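Please read them beside the model.

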Amino acid sequence: MSLDDAGAKAAVLIEALPWLQRFQGALVVIKYGGHAMTDPGLRASFAADVVFLKLAGLRPVVVHGGGPQINSMLDRLGIASEFRAGLRVTTPEAMEVVRMVLTGQVGRELVGLVNSYGPYAVGLSGEDAGLFSGRRVTVQADGVAVDIGLVGEITATDPSPVTHLLSADRIPVVSSVAPEVDEAGASTGLVLNVNADTAAAALAVALRAAKLVILTDVVGLLESWPDPSSLISEIDDVRLAALMPQLDGGMIPKMAACLTALRGGVGQAHVIDGRRPHSLLLEVFTDAGIGTQVVPAQSGPGS
């Protein structure tokens, strides 16, 4: 390595210094999904980023989904995939596959990648030790409520399984399923498929996280879809709430998760492009940042 190259690397490290000071000890919930889950190179770089965050003094917690992997396994097993209003209709048969893929495949793979750097990661399911509880949701199709099976939303979160792992200096890796409870809060014995953005936001609120970071497959929130030059780099929660009716597709649950997090006391929320290697580090440790940052309205731009 030349002295010029070494100097450039030193300059990058110095640029990270104020962010290292600011976020020393901070708890960061990261939603892992999109292309970063299916590209081997991006999977490896994401695992390295998470380990870097830990060794730099932050406390990362990862929540993951696994839509592409679930689709692939359902196809292999000859189980039809049906979607209503963008959500997977989850039959009991499909739910068995969801649990198997999320907890037994996606979660285990990520734990293995992180642990290639040392004994850091421990996998959890939303079913473990009462971490999540959920209730079923319905969707509207042509003005009519439609049953989509074992699909739910988080109604209660007990963060103690995660905080115990953090206290043991581990990186929790959480799969987004939840035991179903009835109106009285009693278990029905069934398990629900939960959107990972929603689960990550609920956990970030329960943990009082400093940041929620959501990896996605676009550059961030665009004011004029699909024009990438219309990227909104920073927005407050009041303006975002006003924009929500104009959004469509997969951006709705991501931005709704950001709103939930901010209004639940999380300091900042970010939607970043997981297709870019080391996007997580670029967001946390550089002056420029990437994607869209959501801040509380009272903090104002630049906070």
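Which residues in α6 meet which residues in α8?

1. Asp197, Ala201 and Val205 in α6 meet Pro253, Lys254, Ala257, Thr260 and Ala261 in α8, where contact means heavy atoms within 4.5 Å. By class, this contact has 5 nonpolar, 1 polar and 2 charged residues. Nonpolar covers Ala, Val, Leu, Ile, Met, Phe, Trp, Tyr, Cys and Pro, charged covers Asp, Glu, Lys and Arg, and the others, Gly among them, are polar.

2. This is a predicted model, in which local features need pLDDT of at least 70 and side-chain atom pairs pLDDT 80 or more, while totals for chains, interfaces and linings use all residues. Numbering runs from 1 along each chain as its sequence is written, and side-chain values use heavy atoms, without hydrogens and water.

3. The axes of α6 (residues 196-207) and α8 (residues 251-263) come within 9 Å and cross at roughly 10 degrees. That makes α6 roughly parallel to α8 (an angle under 35 degrees). Axes are lines fitted to C-alpha atoms over the stretch in contact, with angles from 0 to 180 degrees between N-to-C directions.

4. Most residues other than glycine have a negative phi. Ala129, not a glycine, has a positive phi of about 50 degrees. Ala129 lies in the loop between β5 (121-125) and β6 (132-141) and is exposed, at 62% relative accessible area (exposed is over 50%, buried under 20%, partly exposed in between, with a 1.4 Å probe and protein chains only).

5. Asp169 also has a positive phi, near 65 degrees. Asp169 is in the loop between α5 (160-167) and β8 (171-175) and counts as partly exposed, at 49% relative accessibility. Helices (H or I, at least four residues) and strands (E, at least two) are DSSP runs, numbered from the N terminus.

Definitions and conventions:
Parallel < 35°, antiparallel > 145°, perpendicular 65-115°, else oblique.
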